[in-house]
Amino acid sequence: MTRVSPLLAGCAALLCPVFAVPAGAADDFADRILPLLEDNCTYCHGAADEDPAGGFAMAGFADRASVLRERATWAKALEAIETHAMPPADDAWLDPADRHALAAWLRGALAEPEPGLGRARVGAAPLRRLTRLEYNNTVRDLLGLETDVFMFPERLPFDKAYFDPAADRLPAELSIRAREYGAKYPVLLPTAGLPGDGRAEHGFSNRGDAQDMSDSLLEQYLSLADAVASHPELFGRAARLRDLAPEVADAAPKPSPGPNRPRNRLVAVASAEFAPNDNLARTAEGSAVTLEAFRQQVAAAHAEGRGGTFDADAVANTTVPGKGGVLHLAPAEIGGRTVGLNPSEDLWSAVFSTGRATSGNAIFTNRQKDKKNFLIGFEGEDRGAVRAVGVSLVSRRGQSGAITLTAECTGDEAVSVTVELAAGAGADNVFAALAAPDGEHVRRLVIDGSAFSGDYVLLDDLALLCDSPPPAPALVGVEPAEPEDEETPKPAGPAPDADLGGAPRDRVTRFLRRAFRRPVDAAEADRYFALYQAGQAEGGEERAARQVVRAALSSPSFLYVNPTPPEAADASGVRPLTDHELANRLSYFLWSTLPDDELFALADAGRLSDPDVLEAQARRMIRDPRVRELSENFFVEWLRLRELWSAQPDRRAFRAFYAGAKGKNTLADDMFAEALLLFERILIEDRSVLELIDADAAYLNGPLAELYGLEGGPDGDRTWRRVDLPDGRRGGLLTTGAVLTLTSFPHRTSPIRRGAWTLETILNRPPAPPNAAVTDVDEQAFGDALTLRQKVERHREDPACAICHDRIDLPGFVLENYDAIGRWRETDDAGGPIEPAGDLPGVGAFGDVTEFKRRLCEDRLRFARGVTERLLSYALARELAYHDLAPVERILAAADGSAFRLSDLVAGVVRSDPFRHADRPADTQNASVEKTR
């Protein structure tokens, strides 16, 4: 049974689905609420002509109806009451039960239907353009490029072979390699780019109100579209352009090698033979099938385009990096499945004199000495299709021991075989096959050679047997749409007998549908096909295709998300989003790119408007590797982590932050990765978002473990390990080196910065901006004898400062035990005692950071609400308003039973009314209702 917290239960009673005004509501206001307001608020917020504090006057609010007429104003009051900003504790004391009653009444009132509309508002869908990251991803996936289009800072400098959402867990040990932030990396256009996006205050760069479109920016978009379309290797690199211009794509030469090509991206053609050297001594006990039967299965699968053998000779004398999609198993001359091999560690394909290969001469093994525990994930467009795996284990001269192979399957199933290899160069080569249970698939093969005496585990002939390849990009579970009435206008589609060119016109139309992420009508298709015909007349099919690409990438329909005029709204002014609008909103929310074929097909079938189907797609998408953008875009922007790379702690005071020749290397990459891994563990393992506050484990490498004084591996070891934390000093975002460093000054900590960051980022209740006339703490003459806390307390004696510092200081001082790069300390920079204790209104009393985090987790609704508001704002690409308060509470109520697992919060967001609906454009409404603060 789903458990609902008492506070949520109280809110749910007020926020009933029909938002009916409860009986006696008016009397409740007069008898209960108005006296509370008069006792606690009217002293400062009296009559309008008395210059009330904050510009908020109580005059005129004598009944419930008057409150409902000014909901945006009262939403600000609700926030002040819930954050204990009002009433000030030194002026009046609002009893906790009264505070709760007042807040609950306001939440219920704000959720009521708008007068004359019959329902609550849901907010207008903002007109917004693609961000720089979204533009890159959309062009990349539209064209089928293997690289980014251009270099840009939002692309994190990490190779992330460990990131496999379908695995349901992160490995206990993993490897992360980082290039220098800002260094060049392979892209299509190394000298091109776009300007950065402005980040909305307390929000995200995808918000329409934070964006602009100038003449200069438009010129850059046009220039970039021309550069992409004119690239000499475009048809060799862009795999999906084959559908637009098949003859050109087939004739295009392979891209020339160079500094801007993907490094170590190797393609192996599958073989129909398994272990043809015929030197396998035996079949492993517990193997799924005999060697001879497996050889026959591989040959048959290869002939049908659904399997084959990867032979290490195909990439001999090569290091295969631990990076997603590095190797592809592509059956030759079949056009069947393509399966990516994604190793967790660098693999090495080489000839070993101490072993004997089972095909050719090369063998593949762990590249780094003694890294005998690794895995190979199977992914690609046909991810999840692998039914069985076979492999040869190669014995070595003078080395022996057990090697365990485990096939981890969908449905949390796992099948293992342990092989005891005898010593001898090829004398005891062993065949092993593992098959998924019926109805399941193999996600990855885990190799455990920890009990083997050698430094390397030698493997050969990795063979995969897959499901039959689909005849077309059909979708499981997608039913065909009902036949349309003959009189219903239809979007342009295949027209092989049309006068305008038949098949080429169909290809242009299909390309436009993907580029514009929506159906394309016949008139629109005609305009672009006219460009195609003109280009064909001038320079053949290649020029024609380039013309279409250039024009499509320059169109507002490409540059903007859902730019089409809204359909007619109902009497309330609210309209449901179209299925294609939902596909776009969902895809850019979770993947920061255009919808995939499955989303397109569901939208075409009119099924995404079903909330159950929409939720099922969201849950599918967060198990896909493309969801990495949720961590690298949403999470990184939310925490402002990119600022970490510009942090420059004082080199003398904080030498531990710097390493390498002349201190060129820093801990910024490691600190960034630690915070990122915290979120990605929650994402991949579907854990509670409360672990962002406090977690009992963290991923650390040697340098960070040393900085924190924890056991995390040998000094300098770059392997990341999941470390159980001994106490509450570490665990969660607040105590990561990343947060503690980016909220400090170069020469010292900043409790004010840390407190403001905690209020804004953790609780989503940012403090008011500082008064420009107030002198900074460092510029005030307090003397050196005072501790930093004592100086700040003197500073807040100024009434102009106290109004902000009453909220900011305590969550900042509780982190004073960490220096400016996150090391634990017992005294401050001046040698004075650190006093982390406090009593924060709404949170409670705490003695140190451990108790502070525990308090936040006890009042878990407070943090979960902040996370949910962030997710919803990011998904909607707009600032939240008063009418979003009730949907947020419903999302929280639905996820409370799972302690706010991330997947349940995402599901609640996509099922919410604001996600699936939109008001009329804001210019037809009272603009004042669109702002909460």
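Mentor: Let's start with Arg651, which lies over the face of Tyr658, at 4.1 Å from the ring centre. Keep in mind that this is a predicted model.

Trainee: What makes Lys160 a charge that sits over the ring of Phe163?

Mentor: The charged end of Lys160 is 4.9 Å from the centre of the Phe163 ring. The distance cut-off is 6 Å, with a further limit on the angle to the ring normal, and Lys160 is listed as sitting over the ring.

Trainee: On to aromatic pairs. Why is the pair of Phe529 and Tyr532 called stacked?

Mentor: Their ring centres are 5.6 Å apart and their planes meet at 15 degrees. Pairing needs centres within 6.5 Å, and stacking needs planes under 30 degrees apart, so this pair is stacked. Both residues lie in helix α12, 3 residues apart, about one turn of the helix.

Trainee: How do you know whether Phe529 and Tyr532 are buried or exposed?

Mentor: Buried means under 20% relative accessible area. Phe529 has 2% and Tyr532 has 1%, so both are buried.

Trainee: And why is the pair of Phe846 and Phe852 called edge-to-face?

Mentor: Here the planes stand at 65 degrees, with the centres 4.9 Å apart.

Technical notes
Residues numbered from 1 in each chain as written. Predicted model: local features only at pLDDT ≥ 70, side-chain atom pairs only at ≥ 80, totals over all residues. Heavy atoms only, no water. Phe/Tyr/Trp six-rings, centres within 6.5 Å; stacked < 30°, edge-to-face > 60°. Helix = DSSP H or I, 4+ residues; strand = E, 2+ residues; numbered from the N terminus. Buried < 20%, exposed > 50% of the residue type's maximum accessible area, 1.4 Å probe, protein only. Lys NZ or Arg CZ within 6 Å of the ring centre and 35° of its normal.
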